[in-house]
Every structure is written in structure tokens, then in C-alpha cells.
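I opened the notebook to look up how this chain is put together. Here are my entries, in the order I made them.

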Amino acid sequence: MRPTFIIVFILSFCLLCACYGCHSSPAKKQVKASVSHADTLIKGNFNAAPQLKFDSVAIADFLKKHPSLNGFAAEYAKFYRINKYHYVWYDSKGLTESAGNLINHVTIQQNDGILKDIPYKEDFLKMTESFQSDKTTPPSIAVELMLTGQYFNYAKNAWGGAEAEKAKDIGWYLPRKKLSYTDLLAHNLKSDAASIEQVAVIPQYMMLKKALNHYQQVEKTEPDILLPSKGPLSMLSPGDTSALLVQLKNRLRQLGDSTVNFSNVYDTLLINAVMHFKDRHGLKPDGKINSPFLKQLNVPLHQRINQIIVNLERMRWIPADDHGGEFLLVNIPEFKLHYYINNSPEWACSVVVGKSMTKTVIFSGHLQYIVFSPYWYIPPSIIQKEIKPGIARNPNYLANHHMEWNGGNVRQLPGKENSLGLVKFIFPNSNNIYLHDTPSKSLFNEDVRAFSHGCIRVEKPEELAELLLKQNPAWTPQKIRAAMNRGVEQSVVLKQKIPVYIGYFTAFVDHNGALNFRDDIYQRDEPLLKMLMKP
């Protein structure tokens, strides 16, 4: 099996899709996020100039004067050694078209959601002015090496992740990609422009960046259209009229959920737009103008832009290699489990994740076996805080809760009352997190489903078991159902381990091309945003 980090890419390729089979989505107009790889590349005639060479000591001299680029010293040495110390940003006519394109990309890096300062910005801008005023300026080794350094820095921020090295410090334990900036630059030298970002970033990243650029443009051209969060709007019903409905329809138009409609009637067009907006914000997709809807509607554009920027950074950490395969993906803020086969979403359902005090960990593992009619081996902390005080109050506490002593520990007996439900799915890990059924089915009706102690409760565990055991003909749907209800614990080892990825994305583009937002339930966005804003 290939290393897990390669397969991790897939969690972003169609991350994240609307639930398949969990509920029926309303008919809605989707705003497609079409992808054009070539629109953000370092394009142009980009080849090393064989007639222009320099002494290798120039690199050390340059880095001594520009220590902020010293982190790329190894990349400089490798790249120019491969190219035999030829200039790459010049040809016989002066600075190349590629140099101009690089200058342009670096100076508008905010379009990529990059908040970091440009190193040696003043020097770099002077070069920009020089290039624009006179393309025949004689070759300068300082300009050559500055452009290469800016390429490496841009590639790191735009494709590798400005804060990728600190991912584990902020609780991100999914394997990260390893990106060679030298190889990317060499790829530019040898390949057409349209292929560079295909090897550097994932398609989901490109779609989300397109959404960022749209929101940035809207913010520049018009102010936020905000509505009263309480009062007459929430009391309106279909068919009613109100001047506020014109304002509401304009806000929905501004956010891409409807076309311009200045009617003051609570009509079918408005109902559809409200349903579309709710669906892509994780709310029940009905046409009601209620408090949760208005709360999401009034999130300022600038805040949404920052939310997209944070998630672009997370997506930069993911390998761009696509090797297909079968895997499970849980997106914590979305409260969804997605099942993929051959890089395509086959099935999905709702999940319950950990509370803010007992957060579900962001990591990956391999699902190895299923346990039908499981015991629940109660953690020592719960025994101390809940079980023993309960026994002190009531000698029949264990029997009343279908529990028994198991040595010095306590376990809950298999059955419908068991806190793990009728089946659990195990991917061994040091966090002791797994997927499982639950007797508390009503929690799946909530928009925000963060109630567990860290493990992940699955809304449709029987269907998941059928999918996981489909390669084993002995395990028919009838046999699976019987094992779940037998009341006798039984483990089944999967013929092939299946990767499981638990991620955290509060902004993403779904399989219909619609931009989605979710609440930052673990308050992880703000710390990452602050890191990205540091020089």
C-alpha cells in the first residue's frame, strides 16, 4: 500500500459533499466554481539562458545581504547547480515574460489569500518599475537572484503553506505534504504553464481560491447588505409583503444565492434562495426566515474572506497526488462522514463529534475491524466522576444502566441501551477515537452536533457496515443486521484496511460547486489567521 500521506489528497478533491441519502436537498441554483489552472501561473517563455552565466559565489553574497531569503539557501544551490549557473529570468532581449508574470503574481498575492509581507518589498518594487519602463536593462545578478528568491517564497506561501511547519502546534495531525520549491521551478522550465499548479495544489484549493476572488471583488464594489436579526422579518410567512424583503433578496443576490429581484413579496424565488443559502451553511434547508438563517446571513464579507483564507492554508498542507482508492473522511465542522471509492463520493451521512471540552482530534488512521453488539468499556475518568458516585447513591446503579464490573473496571453490556449502540468501527490510534452507533438518534436532527466525548457517532451505521463488508459475500445485509441485534459481541476483520481521515474545514466547495461555510466549533480559525497575518 502506498504511504498514507499520498492518499490524503483525496480528502480535498471533492471535499466536501452534501450528504448522500441522509436528506433530500431542495431544488436550487448552484453557483459553479469552475477551475482554470492557467489563470494564476508563472507563465511565459521560461528557459535558462545558455549565453548568460554567473559565478556561484554570487549566491552566498546575495543571501548575506538578504537574510530573510536565507531559508531557501539549499534551494538556490540545488537549482542553479542543476542549471549550471545560468540566468533563468533573462534572455538575449532582457528580462523574460516569465519575470513579468512572477512580479505580477507576487505583488497581488492577496488574490491567493496570502497575508504575509513580501520580503524586501521596496527593492522588489523598484525592480518592477525597472522592468516596466525598460525591458532591455542589462542583466543584473541581484535582480536574477531576487526573482528566484521571490519565486521560492511565493511557492512556499501559495502552494506549500505559509505555516505548514506549525500545523501540529495547532492540533493538525493529518500528514502534511512535502513540496520541493526547486522542483517546482524546474517544472516551470520544462513544462507548459498550465501544468504547474496541477502538481502543486489540489483542485479543491483552486475552486476555493476562485470563491475568495469573487468575495474580494464583491467587498471592493459594494458594502455589506445587513438585515435586522430580530423583529418583523422572522415573523413573515410565504405570500407576505414587506420592504425588508427587497433588502433580503439583495443580500442573497450579493452572496450568490439568487438573481436580482426587487419584489417585496415572500415568493417562490425567495424561498428557493433561502433554501439554497441554508443548505450551504449547514442549516435545515427549508424556506423559513429564522434566527439561525439571519445570523449566518449577517456574517460580514470580510469575515467570510478571512474564513476562506484560513481554509486555503489548510488545503495547502495536503498532498496534490491523486492515487484514488477507498477511504472515509470526516469533516468535523460539517458534522458529516463521507465514503469515497476511486476518488468519487459514494455515500455520506451525518455524524456527532466531540464537544468543545472533548474535541475530536484531527488525524488519520486505518479502519481494520468492525465490532457488532459491542461492550462499552467505560473510561476510568467516567468511572470516577459518574459511576462510583452513582453507586454510592443507588446500589442498583450498575444494573439500572446495564453495566457490570469487569475486574477493577466497568463495562456496559451489549444491546440497544449501550452507549456505543449496536456496532463500532475501529481504526486503532493513540487518541482512542473510533466510529460507532448511538441510541441517541434525536441528536442527528440538530444543526450543530458536537455532543460526544471525542468519538464519532454515525447516523447510519448499518449502511456503513454494509459498504465496508461489500467485498465479503458472507456478510449479507441480513447477517449484518442479525449480528448487530444478537447481543453477543462479535468482531470482523476487514479484508483490506481502509484509510480514515478526520479533517477540519470551515469553508469548502461541495460536489455541486457551491461555496459552503460552517461554524468554527473548536475556535481553530482565529489562531491560524493570526499566524498567517504575522510578517
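I count two strands as paired if DSSP finds at least two bridges between them. Helices (H or I, at least four residues) and strands (E, at least two) are DSSP runs, numbered from the N terminus.

**Ground rules.** I am working on a predicted model, where local features need pLDDT of at least 70, side-chain atom pairs count only at pLDDT 80 or more, and totals for chains, interfaces and linings use all residues. Residues are numbered from 1 along each chain as its sequence is written, and side-chain values use heavy atoms, with hydrogens and water left out.

**Whole chain.** I found 19 helices and 16 strands. Of the 535 residues, 54% are buried, meaning under 20% relative accessible area with a 1.4 Å probe and protein chains only.

**Strand β5.** I started with β4 (residues 336-341), which runs antiparallel to β5 and is joined to it by six bridges. Lys336 sits opposite Ser350 in β5. Two residues lie between the strands of this hairpin, and there Asn342 has a positive phi near 50 degrees.

I then followed β5 to its other partners. It pairs antiparallel with β13 (residues 456-458) over two bridges, and Val352 has Arg457 as its bridge partner in β13.

**A three-stranded sheet.** Next I looked up an open, antiparallel sheet with the order β7-β9-β8. β7 and β8 (403-406) are the edges with a single partner strand each, so one side of each has no neighbour in the sheet. Two bridges link β7 to β9 (residues 409-412), and Tyr377 stands opposite Arg411 in β9.

**The largest pocket.** A pocket here is an open set of points on a 1 Å grid over the protein atoms alone, where a 1.4 Å probe fits, with protein on both sides within 12 Å along at least five of seven lines; lining residues have an atom within 4 Å of a point. I noted 35 lining residues, with Trp376, Pro379, Leu420, Tyr434 and Cys455 nearest the centre.

Which element gives the most to the lining of the largest pocket? That is α15, with four residues. β7 (376-377), α15 (380-393) and β10 (423-426) each supply at least two.

Conventions
Buried < 20%, exposed > 50% of the residue type's maximum accessible area, 1.4 Å probe, protein only.
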